[in-house]
Structures are given as structure tokens and as C-alpha cells.
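Q: Hi, I'm new to this and would like to go through a structure with you. Please keep the answers plain.

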Amino acid sequence: MAKKAAPALQLDIQNDDDLEKFLERPGLLVLDIYSEWCGPCLGMVGTLRKYKIYNPDELHFAIVKAETVTPFHRFARKSEPTWLFVNEGKAVNILFGIHVPSITQMIMQELRQIGNKRRTLYELHELLPIEEKRKKVREDLKAQAEAKEHGERERKRLEYLTYVTDTIMDSLPDMGVTICGPQVNREAFKKMQKPADKLKIQCKDRTTASMTKEHFIQILSLFCTNIPPEDVIDQMVDKPLLMCFWKVPDEGNNIALILTKYAKELMLPSIVLNEETNEEEEAPPILEPTDYKVEVELEDWEESFDEPDEENVTKLKSIAGRSIISEIVEEEEPEDEEDETEAIAAESLLEMAGLDLDLNLDLQEPEEEEEEPEKVEEAPKKRTRKKTVRVNPIWVPNNHRTHAALIYLYFRSATTSFLPPDPKPEPPHIIMAFDTYKKKDLIAHAERNKQDVPLYGFFTSDDPDEAKFIASSEAKYVTLPHTPTDKLVFKVNKATSNTMLSLVTYGPSYISPNPAVGHEEANKFFPEDYVPAELEQIEIPEEKVKPAKVKQAKTKSKKDEQSKRDDHKQAPSSVAREPDNPINSGSDAGPAAHTSASNNVLGTTQSGADDAVAAG
């Protein structure tokens with residue numbers, strides 16, 4: 001008779017129903033929560049079995065797939081083993097990692113705590129205190145890394161903008177830009193030509209474009225000191241603005257002076273001759289400021305006060321007479337005031353149901369008042385006031401570099417002959433490190449996903465601060481002194497997670513916690529002068545193999561002639577002579593012959609190289 005199969009040590013929980021059934025068991029429940037791509041921890045099965053034998057009724061184990069069980073979705077797609085301890089349907093403790101002594105100690109500790117009503121219990125979907133602490137640490141580290149990355153990004157951006165504007169100022173020393181307000185159209189540009197001719201400035205190009213607030217704040221404000229106020233910028237952004245590209249009869253900061261003089265000429269009235277009366281008359285300016293009415297939100301300490309306009313003034317005058325009448329009406333007092341107050345006092349005494357005076361009055365008991373539904377408090381309305389914003393019709397930056405920045409932003413066609421295209425931004429990436437005994441499969445995987453794994457190399461450690469570079473390629477690594485503790489480090493783009501997740505299945509020894517830290521670590525492992533593996537492989541034969549091949553060819557020819565003579569004299573006629581070049585001798589030689597021939601060539605090459613060294 002066949003023996004019955006022993007029950008599984010760990011129940012496999014795949015959905016919420018399985019979890020509910022498992023939670024009905026008494027005692028301590030230990031859940032091994034795993035991700036779909038990682039799988040449960042198999043190395044702990046033997047240890048868990050021992051504890052199950054000694055505690056068959058009070059200790060129960062299960063494996064849980066985080067992706068399919070609702071309370072544990074927060075553990076999905078994580079590579080760290082998670083052990084959740086549950087009692088009476090509530091979480092009591094949690095442990096991360098596969099440290100056997102810690103897990104066994106936790107099991108014994110929680111078994112002793114069974115029945116303790118004073119301890120804090122948590123819902124399965126709640127974060128336990130250690131999770132809250134780890135979350136806070138992660139958020140702090142992420143914030144620090146992001147701040148550091150932002151600072152580095154800003155430094156690089158400023159450095160690149162400085163390079164770009166320097167190049168433009170050197171190549172276009174007499175060019176500048178003016179920006180007109182949204183009230184100026186192309187028809188007004190025709191009138192702007194006459195003052196320009198007087199100052200001998202030429203409009204080489206013009207365009208209508210929309211500026212963003214980032215352009216004002218992040219680019220132009222870096223160099224310019226006469227940036228318009230923020231409320232004026234708000235009226236200019238995301239609106240079509242006429243921009244003119246001028247050639248000025250001077251260079252450097254004099255460009256700003258000349259174009260500023262031109263802008264003032266456009267906003268001043270001019271004297272013209274009336275042909276009919278033959279008298280001089282004042283003509284209005286070509287360009288005039290425009291006032292915009294906008295609503296602004298008031299601060300708590302500000303009073304609601306709108307700027308007076310003509311309509312408000314007329315309304316105030318119209319109601320001024322009626323205000324006196326309303327004051328008189330308000331001063332009139334009602335007649336028989338004393339009688340009214342006495343009646344109100346009598347009614348209030350009868351309505352005081354809380355007073356028990358034993359008067360035996362047949363008064364009906366008041367009906368219980370129905371509870372009114374709680375009113376949802378509405379959010380307080382924002383207090384606003386109207387404000388007038390005056391926008392000048394033309395703006396001129398007050399230094400040469402800002403003019404160069406405007407040329408870079410809006411007149412790139414003028415820079416194509418001397419300014420290269422902007423470099424493409426690098427995608428977010430992380431560092432993944434592995435033990436070197438997996439190098440064959442890992443490098444093959446990286447080569448198949450070259451776009452996602454742009455760089456890799458061999459280092460003495462997976463700590464970027466302590467690691468020392470060994471080699472970029474496997475071919476060079478095997479020729480150098482190395483140890484089993486060396487690491488193969490990959491730079492992996494995080495934009496496509498499939499490659500990163502597939503690499504995790506190889507069991508990395510280290511993964512960057514986030515792209516911000518990964519960027520910093522990648523700069524340490526792979527600096528700008530890092531030689532990638534494909535280039536390093538090309539250098540090896542040039543340095544070692546090629547010089548030896550020349551010597552080897554000469555040495556081999558002499559040895560072959562001598563061996564042929566010896567074989568002709570000594571070899572028996574019954575033994576077939578081996579071909580002179582087994583590699584090219586045809587298919588009969590087989591793979592073994594090819595391998596033997598390759599070994600012979602390498603051996604001869606090494607001996608030839610040794611001869612060359614000795615001869616030297």
C-alpha cells in the first residue's frame with residue numbers, strides 16, 4: 001500500500017480567499033512574501049521544518065505572492081525577502097532579509113508572545129513601525145540625492161549655457177534681440193523701421209514665438225539684471241511675441257545701449273510736419289504701454305481693496321445721497337418696546353423644558369428633535385482684488401550675454417555654422433553589481449541589450465568609493481591578476497525596466513536605491529575617459545598578438561622546413577603525414593583539429609614573443 005504524501009510545509013497563498021482561510025489557523029503564522037519575478041526563499045525550508053516539528057499546532061508557514069494578494073501589494077516588485085508574523089489575523093512583527101539567526105530568534109520570540117493582549121496589533125495592509133522608519137529613511141535619502149542631482153544638473157546647465165553664449169558672442173559680436181509685448185503686431189513693425197534707420201540698425205530676421213516662464217527665470221535671469229517683474233512676465237508668457245534680430249553698428253555691451261535707445265524712441269511722441277497747415281504737430285508714440293486688469297489673491301493680513309476706476313467712482317456718487325436717508329431710518333426705534341420685551345420674557349419661561357418646578361401643568365412634552373445631518377464645511381472662498389499691470393511694448397536686455405541667450409533660444413538658424421546641436425539628455429540609470437563567476441552569461445545578456453546596458457567593467461568591489469578598476473572586457477580581465485571577490489559592474493538604463501528586472505534574476509550583490517544615487521555612482525565607476533569593453537578588446541591584439549605574429553611567421557617557416565626534411569627521412573611510409581595547415585585542410589580535420597591548431601598557433605606565438613624579448 002502506497003504511503004500518503006506528507007503535507008506541504010508552507011501553504012501556497014495565491015489570492016485573498018486563500019489568505020482568509022489561512023488566517024483562521026491558531027497560533028503564529030509566518031508569511032514569506034515574495035515577488036512574482038523573484039520567487040519565495042527556498043534556502044530557509046530546512047530551518048523552518050525543524051521549528052514546525054517542535055511546534056506543530058502553534059506554528060504555521062505560508063508563501064504569499066505579493067502581486068495577487070491585496071494587503072501585500074506594497075511588497076510587489078521588490079527583491080528583498082520579507083517575513084511577516086501574524087497572530088489572530090493581525091500583523092505583530094516583520095523582518096527583512098535572509099539572516100537565519102535573526103529569523104529563528106524572531107520565531108521563538110513571537111511564539112512566547114502568543115496570548116499577550118497588551119501588545120500592539122496592526123492590520124495586514126498597515127505599515128508597521130519598522131516599515132514607517134525605513135520609508136522615512138528612503139524618502140530622506142531620495143530627497144538628498146535629488147537635491148544633489150538637481151544641484152549637479154544646474155551646474156552643468158549653467159556651464160553649458162556659458163559655453164553656448166560665449167561661442168555666440170565671439171561669432172556674432174554685433175547682433176542683438178528685442179522682444180515686443182503681446183500688444184505689438186506685425187503691422188506695427190512697419191512703423192518701427194524709420195527710427196531704426198536713423199540709428200543705423202538693421203533687422204536681419206524676425207519671428208513670432210511664445211516664451212515660457214522657465215525661459216525668463218531659468219535662462220535669462222541668470223545673466224540679466226533688468227528682467228521684467230513677475231506680474232508683467234505673467235502677461236507675456238504663452239502669448240505670441242514679436243522678436244527682432246538686429247545687426248548693430250557696435251559690439252559688446254554697446255549693443256544693449258543702442259537697442260535701449262531705439263526702444264525709447266519708439267515710446268516717445270514725435271514732431272511731424274502737417275502738410276496742409278505747414279505747421280509742426282506732435283504725433284503719438286509708435287508703441288505705447290498697455291494696462292491689463294488682473295485678479296490677485298489676497299494674503300490673510302491684506303485688506304480687500306480694489307484699485308478705483310471710473311465706474312466705481314460714478315456708482316459711489318449715485319448712492320451718496322441715499323446713504324443719508326438710510327442712516328435716518330436706522331435711527332428710528334420701534335414703538336412699545338417695553339411691551340415687546342415682557343412678552344418675549346414670558347414666552348422664554350414657558351419654553352424652558354429643563355426646569356422641573358412641580359406645577360402639575362398639563363403641558364405636552366416636547367417632541368424629540370431630529371438630528372440634522374452634519375453640514376459639510378465649505379472651503380473658504382479665496383479673497384481677491386483687482387490690480388492693474390502695465391506692460392511696456394518693447395523689452396531690451398541690458399547685457400550682451402542675455403542677447404546671446406535669446407539668439408540661442410529663438411534664432412538658432414543663425415548659429416548652425418559654428419554651434420553644434422545640443423547633446424541629447426542621458427536617460428536615468430542605476431548601477432548593478434554581480435559576482436564575476438557569472439560573467440559569461442551576464443556579458444552575453446548585456447550585449448543582447450546594448451541600448452539598456454551602455455557600459456560595464458570589472459572592479460575590485462561594488463562600493464564606488466573603494467572599488468579599483470581592473471578591466472573593461474572579459475578578454476583582458478582573464479589575463480590580469482584577479483580574485484573571487486571581484487565584481488562585474490553594469491550601468492543600466494532605468495527607462496526600460498524589462499532589462500533591469502531580467503538582470504535581477506542573476507542575483508546582484510548591489511543595486512542603486514534610485515536613479516539619483518545611480519547617476520552619482522555611475523560617474524565614479526565610469527568617468528568620462530572610461531574606455532568601453534569593445535574598444536579595449538581592439539587594443540589587446542594590437543599590443544600583444546600582432547607584434548608576435550610577425551616573429552612567429554618567420555620562426556614557423558624555418559621550423560616547418562626543418563620538420564619536413566626530418567619527417568621525409570624518418571617517418572615510416574605506413575603513417576600518414578599530418579597536413580601542413582590543419583585549419584585550411586578541409587572538413588576531415590574536424591573541430592578537434594581546429595582546436596589543436598589554434599593551441600599550436602598560440603603556443604608558437606608566445607614562444608616567438610619570448611624569442612623577440614630575448615633578442616632585444
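Q: Is D231 buried, exposed or partly exposed?
A: D231 counts as partly exposed, at 26% relative accessibility. Buried means under 20% relative accessible area, exposed over 50%, and partly exposed in between (1.4 Å probe, protein chains only).

Q: Before I go on, what kind of model is this?
A: It's a predicted model, where local features need pLDDT of at least 70 and side-chain atom pairs count only at pLDDT 80 or more, while totals for chains, interfaces and linings use all residues. Residues are numbered from 1 along each chain as its sequence is written, and side-chain values use heavy atoms, with hydrogens and water left out.

Q: Thanks! Which side chain meets D231 in a salt bridge?
A: That of K387, at 3.2 Å from N to O. A salt bridge is a side-chain nitrogen of Lys or Arg within 4 Å of a carboxyl oxygen of Asp or Glu. D231 lies in helix α8 and K387 in strand β12, so this pair ties together parts 156 residues apart in sequence. (Helices, H or I with at least four residues, and strands, E with at least two, are DSSP runs numbered from the N terminus.)

Q: How many salt bridges does the structure hold?
A: The structure holds 24. One of them joins R401 and D166, with the closest N and O atoms 2.9 Å apart. R401 is in helix α12 and D166 in helix α4, so that pair ties together parts 235 residues apart in sequence.

Q: And which residue forms a salt bridge with K487?
A: D435 does, with the closest N and O atoms 2.5 Å apart. D435 is partly exposed at 22%, whereas K487 is buried at 13%.

Q: New topic: how many residues has helix α9?
A: Helix α9 has 13 residues (254-266) and reaches 19 Å from first C-alpha to last, close to the 18 Å expected. The expected span is 1.5 Å times one less than the number of residues.

Q: Which residues of α9 are buried?
A: I255, A256, I258, L259, Y262, A263 and L266 are buried. They cover an arc of only 165° around the axis, which puts them on the same side of α9. That arc is taken from the directions from the helix axis to the C-beta atoms.

Q: What does the face turned away from the buried side carry?
A: That face of α9 carries the exposed residues L257 and K264.

Q: Last one: how many disulfides?
A: The count comes to 0, a disulfide being a pair of cysteine sulfur atoms within 2.5 Å. For C244, the nearest cysteine sulfur, that of C203, is 4.5 Å away.
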